[in-house]
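Please open the structure in a viewer and keep the selection tool at hand. The stops below follow one another as a sequence of selections.

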Amino acid sequence: MAASKPASQAPKPSRLRIGRRYRATRLDPPYDAIVIGSGIGGLTTAALLSAVGRKVLVLEQHYTAGGFTHAYDRNGYEWDVGIHYIGDVGEHPTMVRKLFDFLSDGQLKWAPMDRTYDRIFLGDQQFDLRAGPEAFISGFLERFPGEERALREYLKRVSAVGRAMPLVTMEKLLPLWCGPLLSLIKKWSLPPYLHKTTYEVLRELTDNETLIAALAGQWGDYGMTPDVGSFMVHALIVKHYLYGGYYPVGGASKVAETIIPRVQASGGEVFTYAEVETILLDGHRAVGVRMADGTEIRAPLVISSAGVFNTFARLLPASAAEHSGYRSQLTKVRPSMAHLCLYIGLQKTAEELGLPKTNYWLYPGADYSGNVQKFLEDPNAEIPLVYLSFPSAKDPSFARRYPGRATIEIVAPGPYEWFAQWQEQPWGKRGADYEALKEDYSQRLLEYLYRHFPQLRGQIDYYELSTPLSTRYFCSYGKGEIYGLDHDPDRFKQTWLRPKTRIKGLFLTGQDIMSCGVAGAMVAGMVTAQSILGLRRGRSLLKQVFADSASATVKETDPGPGSVSRSP
């Protein structure tokens, strides 16, 4: 069967919708807080505030809630757009698992991937990342028998970064005047390699460049090659998946679907098609938002999960952004990488096609930065990173929901500048040249798939390619970036990337506050809720979150000074 797609027709919008469609007449004020954006960071903050009785309104400009945790369907198939796998959600009681259980009231279930969760290819050389520290080390020792000391020290440093994170997080909660004292504490408490690049740290452990490249093979999870990316975020990702990868049963859309009832429990709502035009100010205090339809919605708290570039360069009035210093600080950070994603549908099951529950990372060789540079200079050069994911194999409910079908996703770098000439054209109607460019990339990516899964040639029923313009259109990231901000060491030295802003009543949440990924953005959501509630009430909430009962609810009886309460 030849691969096909209706290239001459505009694609039909997905029918998979989570959330309630916005209408001004459906608003039910007063609200205690407004959250801009329904990514996992925004939903987490909203759900945790709801758990203490706050009435929270979540406004999502997309047609479905969930941000990069959403899924879409087309032509009889369903794909996720960002949840390719999640770590730390097995049966062992991790913080991530307990937080998911609390937010979803225990309704979100997880299916384990293969014991080899990631498979790294450097050219023809294969390296397997296996679940569990000892299995992880033994797998590498099969290829690098003389490197046990380096491997054990590597995991020791990974664990040390994890132990350092409470202090890093505390810095985002304490007032800025605590900075000098905290700097002294950090100097004596944090490991000296925390703000080095991944390559710098690995080079301290071994001079084997192939081993270094294999250990750094998950750099696509945060979008920066080891020579420039932060070891801190690298270590957090390695630690996150060290005990294996998991996938949400029922697909990625289950994340938002199971969390939204938490938001609604205190009278709040999650609206889609709800585009915020600007944040309203009364003097130097945020007091609500103005919608694209002109409707003004008031609340004493505004929480932006839209990213710092959207928040301070688009949503906040320019004079306020300038006066508070955020315009100048935006010059100290950069948008992360943009990407292409090829969504593939096949009319056989994952089992029939022999699709694995393992992710494949395909690289031309160990020179990551050199290969990326060649690609940036020449789009026809070999693609420096190709990631293969098999969602229908990972989700045990897929065969029941889509009998006789399977899906694959292929992700690769795709600089925004290569597609910018079509940015003003409407989605689905960008013309023949744009479609021809997409088709060229699609065929190139398919050849990478066939190289490792030759049995799939001739089996593909449908495919379509998303570009950075898709990310810009659906997720409102101006340069099509998928990880918010770049994750270089300097980014993690920016003390202004914290929940509480210099604008009274305005808070930030999401991946720009902590780090990229579902877990990073979700933890940011928790930190933002704690920042809003304060030490005593925030601690009380966290005790409930990390208690054994997933359905525990906090009763807020004493708002305390400086808090926000719903009007009667």
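**Around strand β11**

Select β1 and β11 to begin: these strands pair in the parallel sense over two bridges. The model is a predicted one. Within this pairing, Arg20 has Phe271 in β11 as its bridge partner.

Tyr273 is partly exposed, with a relative accessible area of 32%.

**Two hairpins**

Continue to β12 and strand β13 (residues 285-291). The two strands run antiparallel and are joined by six bridges, with Asp282 opposite Arg285 in β13. They form a hairpin with two residues between them, and Gly283 in the turn has a positive phi of about 70°. How many of the seven residues of β13 are buried? Five of them are, and the strand is mostly covered.

Three bridges join β14 to β13, and the strands run antiparallel; Gly288 has Arg298 in β14 as its bridge partner. This hairpin has four residues between its strands, and Gly294 in the turn has a positive phi of about 95°.

**Two loops with backbone features**

Select Pro29 and Pro30, which are joined by a cis peptide bond with omega about 5°. Pro30 is in the loop between β1 (20-21) and β2 (33-36).

Then select Asn75, in the loop between β4 (71-74) and β5 (77-80). Phi of Asn75 is near 60°, a positive value in a residue other than glycine. Asn75 is partly exposed, with a relative accessible area of 46%.

**The seven-stranded sheet**

Display the open sheet of seven strands in the order β9-β8-β17-β18-β19-β16-β20; its pairing is mixed. Which strands stand at the edges? They are β9 (125-130) and β20 (460-466), each with a single partner strand, so one side of each is left without a neighbour in the sheet. From one strand to the next, the twist averages 15°.

**Helices α3 and α4**

To show the contact, select Pro133, Glu134, Phe136, Ile137, Phe140 and Leu141 in α3, which meet Glu148, Leu151, Arg152, Tyr154 and Leu155 in α4. The residues of this contact divide into eight nonpolar, no polar and three charged.

Centre the view on Phe140. Not counting residues up to four places away in sequence, Phe140 touches Phe127, Asp128, Leu129, Leu151, Leu211, Ala214 and Leu215. The largest nonpolar core has 157 residues, and Phe140 is among those with the most contacts inside it, together with Leu59, Phe100 and Tyr154. Another core lies apart from it, with 37 residues, among them Tyr441, Leu456, Leu465 and Leu469. In soluble globular proteins, nonpolar side chains tend to be buried together.

**Helices α1 and α19**

For the last stop, select helix α1 (residues 40-51) and helix α19 (residues 517-533). Their axes come within 7 Å and cross at roughly 35°, in a right-handed crossing. From α1, select Ile40, Gly41, Thr44, Thr45, Leu48 and Leu49; they meet Val518, Ala521, Met522, Gly525, Met526, Thr528, Ala529, Ile532 and Leu533 in α19. The residues of this contact divide into 10 nonpolar, five polar and no charged.

Note on methods. Residues are numbered from 1 along each chain as its sequence is written. This is a predicted model: local features need pLDDT of at least 70, side-chain atom pairs count only at pLDDT 80 or more; totals for chains, interfaces and linings use all residues. Side-chain values use heavy atoms; hydrogens and water are left out. A nonpolar core is a set of buried Ala, Val, Leu, Ile, Met, Phe, Trp, Tyr and Cys residues joined through side-chain atoms within 4.5 Å. Buried means under 20% relative accessible area, exposed over 50%, partly exposed in between (1.4 Å probe, protein chains only). Contact means heavy atoms within 4.5 Å. Axes are lines fitted to C-alpha atoms, for helices over the stretch in contact, and angles run from 0 to 180 degrees between N-to-C directions. A crossing is left-handed if the near helix is turned anticlockwise from the far one by less than a right angle, and right-handed if clockwise. Ala, Val, Leu, Ile, Met, Phe, Trp, Tyr, Cys and Pro count as nonpolar, Asp, Glu, Lys and Arg as charged, and the others, Gly among them, as polar. Two strands pair if DSSP finds at least two bridges between them.
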